[in-house]
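Subject: A structure for you to look at

Hi,

Here is the structure I promised to pass on. Have it open while you read, and my notes on what turned up in it follow below.

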Amino acid sequence: MQSEMFEETRDEATTAPTRTVGLNIPMQKETPVGRAMRRIRAVMLQGIAPAVSFSSGKDSSALANLVLNTAREMKERGERPMPLTYVHSNTGVEQPEITQLALNELAKMKVFAEKHGLEIDVRVGHPTLSSSWPVKIIGGRAIPSFPDGRSDCSVDWKVNVNTRLLDLAYADLQKRDDVMDVVVMTGVRQDESTARNMKIKQRGEIAEGLWENEAGKLRLSPILDWTSDCVWEYLGYCAAGIEPSYSDFSDVMRIYEAAGNSSCVVVADMKMAGTQKACGSRFGCWSCVKVASDHSMGNLIESDTRRYGYLKPLASLRNFISNTQYDWSRRQFVGRTVDEEGNITIAADTYSPDMLAELLAYTLTAQIESGVSIITYQQLVSIDLRWALYGLMPPHSALKIYFEVMGGARKRPPEVARFPKTPVPRIGKIHVGRQWELLEGPNSLSGLRDVSREFHAEACGLDLKVLSSGNIVIDDESSEGMEVDEEGAIDFVEFLGEEMVAQHCRPDHPDWAAGYMTYLGHGTLQIAKGRSAQVDAILRRTRWRQANNLHGQRTVEELRERCTTLFAEQLELLAA
């Protein structure tokens, strides 16, 4: 009996396409492979260039090869294949085995394309600096995406990155005379899950023909009607040399087998399907705490300790973060914003300064012991300046921790039991008014001002400007957005870092925001266009907080005593 992959089967389109282009749908029976390649060829014959979203998983690997093979066959027939674009988003905290797998497979695609005379463009993107895991979490912007919280990490680290890559690809391809349009192709399939099927239906996604997303951009889903068995059978034939392929997919199969704790890749994939990440990935990021336990990474480590043992420090860090979700002693209770009545809310929010310091030390240690790059110089400086901007730690505390860990003071996260879920503690409000907004007296220099730089303004080419509020600030804005210069960050840490730590990193420093101003003064940091007023306001609040002992690590007991208003639950506790 023939296998399903090569069995004669009738093409079944589930719904009418929203837009069809030269499909030439045959009346005769087709194989799944032939059906998918016909769909891809049809759009390329119309001058529509494919942009393939590649994750290195089984589905995107199958699609990547189908597109390359279709282009190869077209060229052999004397037809003109379109330029091929492959985009991949590297989250920066991707499972290291998957990161390496993706880069290796993309390199193989280039070799295959060159061998067959195909035009290929491979683009790998990363999250923005401020949204990257180290800056977002260790910098104190937000807490991780826990099971009962927001799932904005997949948007920041994958969706937005892919969108930027595709927008750039669109712009470049549409400048060409031989490209009529661009179509994004993904390896989405209908039989993956009920939730995925609902999203497919909501998008109006179809297997036969082009469809459009909400922005009116063309989409094609060539393997939407494939089963999981179809995918694995196709990759198996590629591995056996029956189907031409850019890869033998041995690494893809190895990782699936190990992560699914089975010697059979199909069985392993089925087992992982029930425990996949909230973002839909079988593997996801090593730092992901959207699920309570990371079974895939645990299985990888157990399957071959010699090969995958380097992942243990990452797993330990992830487990510590996951298990301490409801450890409220690790949270910051002083709110960042001031409401219209001039009150600061006192309640558990993002991580506390002490927790951030621990996380930085644990992460740097895990980076050293695993050999996996997690925090770059840019991200380290971004963490350091953000701690200073919000008065979380004395100036250059992040650099101090970095030098301590690099000097041998390794710190590993403790093994802790999972804290039970409890309500978010809410204490009350402290009335602070709007004193920092006053422009007269010392407040006139408390925001985005630097007297020492202004003294040499003429020689240094320093510009000042007046905000709509009347505040005078240094003009350190950049049209490119908030940016930490990569080379500047390296030079600052390596040549000035230890000196700055020695001079400024002490709890009794009179200005905890000084670290932020230091990076501005050295040109290591530039403020995003139009954000000077926001930075000026934050600096004023930070300096006022320090003057009133609301900066750094504050105890809940101290804050409760200072509350001018207590929430109902606190009054009930006091009454009891």
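A salt bridge here is a side-chain nitrogen of Lys or Arg within 4 Å of a carboxyl oxygen of Asp or Glu. Keep that in mind, and also that this is a predicted model.

With that definition, have a look at D339 and K429: their side chains meet in a salt bridge, with 3.7 Å from N to O. D339 sits in the loop between α12 and β7 (343-347), while K429 belongs to strand β8 (residues 426-431), so this pair ties together parts that are 90 residues apart in sequence. Are the two partners buried or exposed, or something in between? D339 is partly exposed, with a relative accessible area of 23%, and K429 is partly exposed too, at 24%.

Salt bridges can also share partners: E30, R35, R38, R39, E208 and D225 are joined into one network in this way. One of the links is the bridge between D225 and R35, whose closest N and O atoms are 3.4 Å apart. D225 is found in the loop between β6 (218-220) and α7 (228-239), and R35 in helix α1 (residues 32-45), so the bridge ties together parts that are 190 residues apart in sequence. Buried means under 20% relative accessible area. R35, at 7%, therefore counts as buried, whereas D225, at 22%, counts as partly exposed.

Another bridge joins R330 and D327, with the closest N and O atoms 3.0 Å apart. R330 has 14% relative accessibility and so counts as buried; D327, at 10%, is buried as well. How many salt bridges does a search of the whole structure find? The search gives 33.

R330 leads us to another residue, F320, because R330 is on the list of F320's contacts. F320 lies in helix α12 (residues 312-323) and is buried, with a relative accessible area of 1%. Which residues does F320 touch, once its neighbours within four places in sequence are left aside? They are R330, M355, E358, L359, Y362, P413, P414 and V416. Take P414 from that list: F320 and P414 are 94 residues apart in sequence, yet their C-alpha atoms are 7.0 Å apart in space.

T85 is another buried residue to look up, with 2% relative accessibility. T85 is part of strand β2 (residues 84-89). Leaving aside its neighbours within four places in sequence, T85 is in contact with P50, A51, V52, D121, A169 and L173.

Next, a helix as a whole. In helix α15 (residues 397-406), the buried residues are S397, A398, L399, I401, Y402 and V405. What covers them? The cover includes α13 (353-370), α14 (377-389), α18 and α19 (514-521). After α15 comes G408, which has a positive phi, near 115°.

I472 lies in strand β10 (residues 472-474) and, at 35% relative accessibility, counts as partly exposed.

Finally, some numbers for the whole chain. It has 22 helices and 14 strands, and 54% of its 576 residues count as buried. Among the contacts with a separation of 6 or more, 74% come from residues 24 or more positions apart. The chain exposes about 26100 Å², and carbon and sulfur atoms supply 51% of that area.

Happy exploring, and write back with any questions!

Best wishes

Definitions and conventions:
Residues numbered from 1 in each chain as written. Predicted model: local features only at pLDDT ≥ 70, side-chain atom pairs only at ≥ 80, totals over all residues. Heavy atoms only, no water. Helix = DSSP H or I, 4+ residues; strand = E, 2+ residues; numbered from the N terminus. Buried < 20%, exposed > 50% of the residue type's maximum accessible area, 1.4 Å probe, protein only. Contact = heavy atoms within 4.5 Å. Areas by Shrake-Rupley, 256 points an atom, 1.4 Å probe, with all protein chains shown as cover.
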